[in-house]
Amino acid sequence: MKIHEYQAKELFAKFGVATQQGYVATTKEQAKEYAAKLSSSMYVVKAQAHCGGRGKAGGVKLARTLDEVEAAASKILGMRIVNKQTGAEGKLVRKVLVTDAVNIKKEFYLSLAVDNENASVVIIASGAGGTEIEEIAASQPELIVKQLVSTTMGLRDYEARYVADKIGIRKENVKEFILMLKNMYRLFVEKDCSLVEINPLVETEEGKLIAIDGKVNFDDNALFRHPDILELRDVDEENPKEYEAAKHDLNYVSLDGSIGCMVNGAGLAMATMDIIHAFGGEPANFLDVGGTATTERVTAAFKLLSDASVRAILVNIFGGIVKCDVIAEGIVIAAKEVGLNVPLIVRLDGTNVEKGKQILKDSGLKIYAEGDLRSAARKAVEMAK
Ligand code: ADP
Ligand code: MG
């Protein structure tokens, strides 16, 4: 799960990671009003959306007066940020953060992430932080420092000091840096994060270290034990279909193609997408209804596939634990409820397959029943054209 920068900064403040005060506004009037509460004479208005690269997209603006704050907020609210992270449709900005402008002397990159290969946490840092960090990581990887942290030992001072030295933290700031990193680590572990990132971490002209951007991602599988974190969820930022799917415990990912897929088991779902590709088609989604699909879940899954961009639906079910008749019933109920206006190709096999096929046949729906995956995929690609 992702959260906004302003929420990440609230967590930073709770965990003792130096950051800035700020206010979130949804209108330009509000932005102006809140800016007046800040003590500074220079402001920054920042788009709050679940994506990075806001600065480059024009979503971070400096303002010298309250009127400029209002003007900046007016430009940013309602804009769409489109970049590599957002995909083609981009991210609509519904909120802005109004905060103090900081006198930046140097920008660092500092993050904690899960290192799967080494089963540990990894500190990733750089003295070349800021908006160019992706390019730097690609062209000058030697400027990126990595330090593994053993989760049984926890973060040691010397590990933090090593990182500080490598990225060029001034002697005067090293103690502050170690404390900051340790507090980030505490946040990472206590809240089951998958990423805690500060980019940039800034050395100010006044000689202090402060996080002026923040990104925190959480492990979805651990959210059940963090009701406080779940409250930070912003449904507006999530793909509405993926959100709906999650409510029904379905593994669903939206894609750009035209063939809607309903499959049981992640492996079979991948194979189905591959074979669609092999026949020259594009899947509209990845959808795994799981091994314990009930009629209710199949119905919900089928509804997710009824999308304007979907020109054919391919159901590929191998009934092992899940029974073919249950799947068939779900399909029939859903197809009647949502109306079936694209070709439906079904390949069913496994437990109760005859019963399942009979249910589909008796339904009176126009269904193309195929005996094997190959012919089913070919048919789906053909029908979607
Ligand atoms: P993003 O990473 O989405 O582009 P950031 O919050 O990192 O957004 O902002 C981009 C850049 O804008 C920063 O690298 C920094 O140079 C500048 N910036 C952001 N916030 C402030 C601030 N409060 N004061 C001064 N400059 C800022
Ligand atoms: Mg940033």
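Two residues are in contact here when heavy atoms lie within 4.5 Å of each other. In this predicted model, local features need pLDDT of at least 70 and side-chain atom pairs count only at pLDDT 80 or more, while totals for chains, interfaces and linings use all residues. Residues are numbered from 1 along each chain as its sequence is written, chains are lettered from A and ligands numbered from 1 in the order in which they are written, and side-chain values use heavy atoms, with hydrogens and water left out.

Now for the overall picture. Residues 24 or more positions apart make up 69% of the chain's contacts with a separation of 6 or more. The C-alpha trace spans about 75 × 50 × 40 Å along its principal axes. The chain has 13 helices and 18 strands; these are DSSP runs numbered from the N terminus, with helices being H or I of at least four residues and strands being E of at least two. Of its 385 residues, 51% count as buried, where buried means under 20% relative accessible area, exposed means over 50%, and partly exposed falls in between (1.4 Å probe, protein chains only).

An α-helix has 3.6 residues a turn, so residues three or four places apart point the same way.

Next up is the metal. The magnesium ion (ligand 2) is coordinated by Asn199 (O) and Asp213 (OD), at 2.1 to 2.2 Å. Asn199 sits in strand 10 (residues 193-204) and Asp213 in the loop between strand 11 (209-211) and strand 12 (215-218), so the pair ties together parts 14 residues apart in sequence. Both Asn199 and Asp213 are buried. Donors are N, O and S atoms within 2.8 Å of the metal (3.2 Å for Na, K and Ca), and water is not among the atoms, so sites may look incomplete.

On a 1 Å grid over the protein atoms alone, a cavity is a set of points where a 1.4 Å probe fits but cannot get out, whereas a pocket is an open set with protein on both sides within 12 Å along at least five of seven lines; lining residues have an atom within 4 Å of a point. Grid points are joined across faces, edges and corners, and a volume is the space filled by probe spheres set on the points.

The largest pocket holds about 1,500 Å³ of space. Its lining has 44 residues, with Glu237, Glu238, Asn239, Pro240 and Glu242 nearest the centre. Helix 8 gives the most to this lining, seven residues. The second largest pocket, at about 1,100 Å³, is lined by 45 residues, and those nearest its centre are Gly53, Arg54, Thr131, Asn199 and Asp213. The structure also holds one cavity of 30 Å³ or more, and strand 17 supplies three residues, the largest share of the lining of the largest cavity.
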